[in-house]
Amino acid sequence: MVKNFVCCMTILLGLISGTLAADLDTARIDELTGLKGKFNDKEGVYKVTFPRNDVKVVVDAWMMPPFMGLGTWAAFTKGAHTEAMVMGDTVLFEDEVNPAMSAALDNGLNVTALHNHFSFDHPKVFFMHIEGEGTIEKLASAVRKVYDTTKAIRGPNAKPAESFPTVGQTPIPEKNSITAGPLNEIFGMQGESKDGMVKFTIGRPATMHGVKIDKEMGVNTWAAFAGSDDNALVDGDFAVTEDELQPVLKSLLMEKINIVAIHQHMTHEEPRIMFFHYWGRGRAKDLAQAIKGGILVGGLLKVSSPLP
């Protein structure tokens, strides 16, 4: 009887596993992603993965095997309101980050984090986390487009670039001379000026541990400009809610502003605030308009507490 029971249970679990796998159409996931995945019976998850072994990475003076944390993956499971849900982590080098992020966003995926996992790594390695809901066709195709984007960049040159594209750009002047007036007009506020640089800061109210927090406690969006009016750089940080993150990322990427990090700065805050850092080059007024566009998309001016 025990043998029969065990046999029946094994068959039942196999049928359940097969049903879950069939629900996900794992063969189609393999076909669309170009990878061969594995199904986790216990969790009902089908996962495709591949190692980033096309570039040698040294961490703390040690040549790191991809097995130790340089694996790109995407995991599919049955969705609650859609056919499927996908989550994943994509290993990227610096010159791949913004093209891969654009590919993800343009194809219906959400980008939920961009950060590093190591210190003293050469070349620098970034990890971009993605998620999405929809059909297997849509999700697996989007994942493939992200992977194909990185392959297209690495194919011609196995060595990652050491700077953003500089074609047609001259070096930033050593002496800063940003004219504040036009930028003040664009942002509709008085910027903070120092040594030829200009900085704008917009706070937003939140609470943490029952305490009200705002601009001075670090819940702020800011943009700092350096260089000259015609040859400037901008760097800064956006503080956005989870619902605002994707549209604001898309807005900045469309204007050729590079995203360099996406993460959180706090815990137990309400509403939950995500922060993303950026870097851009161009004419100061054009850069300001690009950042202002992201601010408007996020509706940040409606909750702003700008500098006086």
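Me: Starting with the largest cavity: how do its lining residues divide by class?
Reply: This is a predicted model. In it, the lining of the largest cavity has eight nonpolar residues, one polar and no charged.

Me: Which residues line that largest cavity?
Reply: F187, F200, I202, T221, W222, A223, Y278, I291 and I295. T221 is the polar one.

Me: Which element gives the most to the lining?
Reply: β14, with three residues. Strands β11 (197–203) and β14 (220–227) and helix α7 each supply at least two.

Me: What volume does it have?
Reply: About 40 Å³. The count of cavities of 30 Å³ or more comes to two.

Me: I see I291 and I295 in that lining. What do they meet in α5?
Reply: Both are on the α7 side of a helix contact. P182, L183, I186 and F187 in α5 meet A284, K285, A288, Q289, I291, K292 and I295 in α7.

Me: At what angle do α5 and α7 cross?
Reply: Roughly 20 degrees, for α5 (residues 180–187) and α7 (residues 284–297). Their axes come within 10 Å. The angle is under 35 degrees, so α5 is roughly parallel to α7.

Me: And is that crossing left-handed or right-handed?
Reply: The crossing of α5 and α7 is right-handed.

Me: What about α6 against α7, what angle there?
Reply: About 160 degrees, with the axes 9 Å apart. That is over 145, so α6 is roughly antiparallel to α7. This crossing is right-handed.

Me: Which residues make the α6 contact?
Reply: From α6, P247, V248, S251 and L252. From α7, A290, I291, G293, G294 and V297. By class there are six nonpolar, three polar and no charged residues.

Me: How does the lining of the largest pocket divide by class?
Reply: Into 13 nonpolar, seven polar and five charged residues.

Me: How much space is in the second largest pocket?
Reply: About 150 Å³. N110, T112, E131, E242, D243, L245, Q246, R272 and M274 line it. The elements giving two or more of these are β7 (110–115) and α6 (242–254).

Me: Which of them has the largest share?
Reply: α6, with four residues. By class, the lining has two nonpolar, three polar and four charged residues.

Me: Which charged ones?
Reply: E131, E242, D243 and R272.

Me: Back to helices. What angle do α2 and α4 pack at?
Reply: About 30 degrees, with axes 8 Å apart. α2 covers residues 26–33 and α4 residues 136–154. The angle is under 35 degrees, so α2 and α4 are roughly parallel. Their crossing is right-handed.

Me: Which residues touch there?
Reply: R28, I29, E31, L32 and T33 in α2 meet I136, E137, A140, S141, V143 and R144 in α4. The contact has five nonpolar, two polar and four charged residues.

Me: Now the backbone. Which residues does the cis bond with omega about -10 degrees join?
Reply: H122 and P123. P123 sits in the loop between β8 (121–122) and β9 (125–134).

Me: And what is omega from E270 to P271?
Reply: Near -5 degrees, and that peptide bond is cis too. P271 is in the loop between β17 (269–270) and β18.

Me: What phi does F120 have?
Reply: A positive one, about 55 degrees, although F120 is not a glycine. F120 lies in the loop between β7 and β8.

Me: Why flag these at all?
Reply: Because most residues other than glycine have a negative phi, and most peptide bonds are trans.

Conventions: Residues numbered from 1 in each chain as written. Predicted model: local features only at pLDDT ≥ 70, side-chain atom pairs only at ≥ 80, totals over all residues. Heavy atoms only, no water. 1 Å grid on protein atoms, 1.4 Å probe; cavity = no way out; pocket = protein on both sides within 12 Å on 5 of 7 lines; lining within 4 Å. Points joined across faces, edges and corners; volume = space filled by probe spheres on them. Axes fitted to C-alpha atoms, helices over the stretch in contact; angles between N-to-C directions. Parallel < 35°, antiparallel > 145°, perpendicular 65-115°, else oblique. Left-handed = near helix turned anticlockwise from the far one by under 90°. Contact = heavy atoms within 4.5 Å.
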